[in-house]
Amino acid sequence: MSVLEVQDLRVSYQTRAGRREVVHGVDVTVEEGEVVALVGESGSGKSTTAHALIGLLAEGGRVDGGSVALGGVDITDWDQKRLRSVRGAQVGLVPQDPVSSLDPVRPVGVQVGEILRVHGVRGSAARRGRVLELLERVGLDDPALRARQYPHELSGGMRQRVLIATAIALRPRLIIADEPTSALDATVQRRILDLIDDLRREEGTSVLLVTHDLGVAADRAQRLVVLNHGRVVEQGPSAGILSSPADPYTRQLLADAPALATEGFRRPAPPLFIRDAAAAAAENPYAIVAEGLVKEFAVRGREAFRAVDDVSFQVRRGTTHALVGESGSGKTTTARLVTRFLQPDAGRIELADASGALADIAGLRSDGLRQLRRRIQLVYQNPFSSLDPRQSVAQIVAEPLHNFREGTRADRHARAAELIDRVALPADVLERSPRELSGGQRQRVAIARALAIRPDVVVLDEAVSALDVTVQARILELLESLQQELGLTYLFISHDLAVVRRISHTVSVMRRGRVVETGSTEDLFSAPTHEYTRELLAAVPGRSEVAA
Amino acid sequence: MSTQTSERVDAATAAIAADEASGTVLDPVARDAGALDGQPTRRSNVARLFAQGRRPSWTLVVAIAVIVVAVLWAAAPWLFTSYDPIDGVPAQKLLPPSAEHWFGTDAIGRDLYARVVYGAIHSLSGALIAVTVGLAAGTLLGVVAGSVGGWLDDVLMRVVDVLLSIPGLLLSLSVIILLGFGTVNAAIAVGIGSVASFARLSRSEVVRVRRTDYVEAAFGSGGSFASVLRRHVLPNSLTAVVGLAALQFGGAILAISTLGFLGYGAPPPTPEWGLLIAEGRNYVATAWWLTTLPGLVVLVVVLSANRISQSIGRGTR
């Protein structure tokens with residue numbers, strides 16, 4: 001008897017234009033002690049499917065058809081009251097975002113204890129004992145202390161452990177893990193997934209893992225269910241799907257997943273500075289040289305926090321240098337120092353000017369700083385927040401030209417049209433608002449804006465992290481081709497080693513504000529010398545599959 | 001530049017923390033729901049506003065109708081009544097509401113409905129002046145404080161705090177004592193009372209917008225302080241302020257009526273709404289309509305303005 005059997009599930013949402021079906025007949029089966037991964041991109045209906053199983057659809061959502069059976073009992077038509085007896089007791093849910101899923105004003109111990117109280121565990125002493133047991137079970141050190149702490153005192157990984165403790169509190173037969181690690185760093189992600197694996201092995205719990213990350217799914221699940229536009233396009237044993245995908249969409253997904261890519265490394269492309277006589281003549285192959293950068297932030301009542309501590313690196317002209325690290329490693333702060341949105345406390349940043357000679361930009365002020373923007377541009381992580389919602393795409397792209405008073409209005413418009421074409425968007429987006437564009441399209445607009453005044457250096461701050469794998473792959477291809485044609489130098493900030501491996505020529509690994517290892521991408525990935533680099537590499541999901 | 005640096009650093013670290021903590025993915029369920037099949041058709045902002053508005057709720061339709069009628073009363077009162085608001089017929093004094101006199105008549109035989117209709121111009125123009133004064137001065141203060149930041153922000157906001165700490169009516173009365181009696185002066189006094197809330201709201205909106213990525217990106221594209229303020233910060237922060245203006249419009253009608261009631265507004269026999277209620281006060285026991293009906297008119301108009309304000313506020317979210 002299957003733990004979960006879903007047949008022909010249909011879910012629709014109320015939208016402005018009427019009801020819209022987003023899940024069109026999905027079948028999923030989870031057997032005893034099995035991990036099944038529901039894989040798909042944003043908008044594929046995977047989260048909706050998972051939430052519909054236990055009646056937790058967002059407002060306006062409705063199950064229109066199909067059946068859901070838990071351990072052979074059909075719960076499709078159960079009302080909320082009856083479903084409540086199932087949630088927690090038989091099905092545990094691990095939500096996606098550990099930051100917003102815990103109540104900030106109550107200690108975590110109380111929150112874990114709440115599920116016990118709701119499901120009728122009497123006696124506060126008994127509950128307290130069980131809570132401590134659970135917190136220890138999910139690998140939190142000093143459970144007695146942790147139980148008293150508030151969510152903001154815990155790291156993201158710890159909070160996710162607390163949520164897992166809540167999910168397993170009543171020993172459910174099935175855990176639905178909705179993108180449990182998407183918001184976490186790679187090393188933390190691995191530990192959390194290991195924990196879910198252990199629980200499955202030791203308690204025999206089945207897991208329905210919802211993820212957009214094919215690497216994670218490949219590592220952890222026995223069976224994959226690939227969703228696209230609310231339909232199951234392929235399902236079967238993981239190994240089978242990964243080695244011989246039958247559906248074209250699955251094949252595309254596999255080809256685009258950076259974690260599973262096996263192609264070669266990018267080597268510092270000789271074409272540019274051999275071909276480019278000016279660069280060779282200048283005897284300076286570097287576009288950016290940073291030396292001994294330091295940045296401290298004042299923290300009230302404590303010693304200043306040193307976010308960037310003696311960071312040095314060089315980037316050759318026309319190549320991509322990646323800064324890799326986990327959250328808090330100082331990589332974004334470094335990017336903001338290089339683009340001079342922040343003022344370094346110490347150190348030098350040199351940027352090659354038109355003639356190829358390096359000039360210090362760390363001390364620039366007001367108008368010098370404004371002129372610097374002609375040479376260096378930043379692309380942001382989140383394309384939903386980096387474009388002004390009240391402007392048209394044409395206005396956004398032409399903004400740098402407008403600011404530097406370049407050309408007439410008609411010239412600027414022509415340049416914007418050219419750039420939009422260059423980033424492979426249809427010309428009709430020019431008059432649209434960014435609200436009408438998808439994430440990938442918006443990021444293309446942001447790239448077009450960055451290129452508008454023909455900068456030499458583009459800093460990409462997690463520029464592809466918020467995008468789906470297929471969109472991510474297209475954007476990376478675009479960045480590569482732009483680099484080759486325009487001779488751009490990229491400083492690529494990322495936490496994702498798989499993406500870094502694909503795009504960068506050289507890499508600096510950062511940890512706690514320091515660079516722990518620098519080298520060419522090939523050397524660093526094939527023969528890492530620093531312990532931390534090895535740990536990071538081991539944590540990349542999907543690598544075991546590549547090796548096998 | 002230097003005055004903004006500390007705030008910029010704070011904003012930047014907060015933004016980095018938020019970015020890194022929240023990871024990459026937005027709310028998946030909502031995203032599934034909102035996922036678009038193809039590309040949406042091109043629309044102007046106005047067209048989109050209407051499309052989003054779906055069918056407007058009937059309360060909003062009623063509210064707009066009420067305000068339109070009130071504005072028409074102010075613009076062309078003679079179309080709505082044939083009676084004279086100033087000269088009464090003493091023989092017809094204190095008549096209860098009837099088909100002839102919809103709102104009844106007052107102590108010297110003037111038609112109350114006519115007085116309410118002719119009074120609209122005083123109350124509405126007064127409210128308009130009050131809101132304009134509050135909107136202009138308050139928004140200016142708030143935008144300057146929010147965008148320049150630093151010590152100027154602190155100084156301006158403490159001034160606003162002082163304004164907020166004085167009860168509104170007391171503040172209006174003090175201003176009237178300084179300016180002298182009259183409809184316009186009463187309106188200005190009410191407007192000054194609302195400067196503080198406009199300043200607070202516009203400052204918080206400006207501060208919010210200033211921390212967004214697109215404002216930083218605009219600086220990153222070489223924008224100067226003034227151009228970024230004009231092109232990005234103001235357009236994105238003023239919607240909420242417009243919503244507040246509609247809300248304050250209702251409040252201003254009420255406040256001006258209050259001042260009129262207390263005798264600080266237009267002198268009699270001007271048919272100002274607050275004054276109408278005040279004059280009817282002496283006859284509450286015998287002629288209830290003299291206070292009740294103008295009071296209801298004020299109530300309905302104020303509620304309508306609030307309803308419209310609420311829908312403007314909802315549109316921004």
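Tutor: Here we take a few terms one by one.

Tutor: This is a predicted model, where local features need pLDDT of at least 70, side-chain atom pairs count only at pLDDT 80 or more, and totals for chains, interfaces and linings use all residues. Residues are numbered from 1 along each chain as its sequence is written, while chains are lettered from A and ligands numbered from 1 in the order in which they are written.

Student: Why is A:Ala466 called buried?

Tutor: A residue is buried if 20 or more other C-beta atoms lie within 10 Å of its own, exposed if 12 or fewer, and partly exposed in between, with C-beta atoms placed from the backbone. A:Ala466 has 25 other C-beta atoms within 10 Å, so A:Ala466 is buried.

Student: Where does A:Ala466 lie?

Tutor: A:Ala466 is in the loop between β17 (457–461) and α18 (469–486) of chain A. Helices (H or I, at least four residues) and strands (E, at least two) are DSSP runs, numbered from the N terminus. A:Ala466 and A:Gln443 are 23 residues apart in sequence, and 9.6 Å lie between them in space, C-alpha to C-alpha.

Student: How do you know that β1 and β2 of chain A pair?

Tutor: Two strands pair if DSSP finds at least two bridges between them. Strand β1 (residues 4–15) of chain A and β2(A) have 10 bridges in the antiparallel sense, so they meet that definition. Within this pair, A:Arg10 stands opposite A:His24 in β2(A).

Student: Which strands form the open sheet, and in what order?

Tutor: The four strands run β2-β1-β4-β5 (chain A), with antiparallel pairing.

Student: What makes β2 and β5 of chain A edge strands?

Tutor: Each of them, β2 (18–30) and β5 (73–74), pairs on one side only.

Student: How are two packed helices described?

Tutor: Two packed helices are described by the angle between their axes and the distance between the axes. Helix α3 (residues 108–118) and helix α4 (residues 124–137) of chain A pack at about 120°, and their axes are 9 Å apart. Axes are lines fitted to C-alpha atoms, for helices over the stretch in contact, and angles run from 0 to 180 degrees between N-to-C directions.

Student: Which residues make the contact of α3(A) with α4(A)?

Tutor: Among them are A:Val112 and A:Leu116 of α3(A), and A:Val131 and A:Leu134 of α4(A). Residues are in contact if their C-beta atoms, placed from the backbone, lie within 7 Å.

Terms used:
Contact = placed C-beta atoms within 7 Å.
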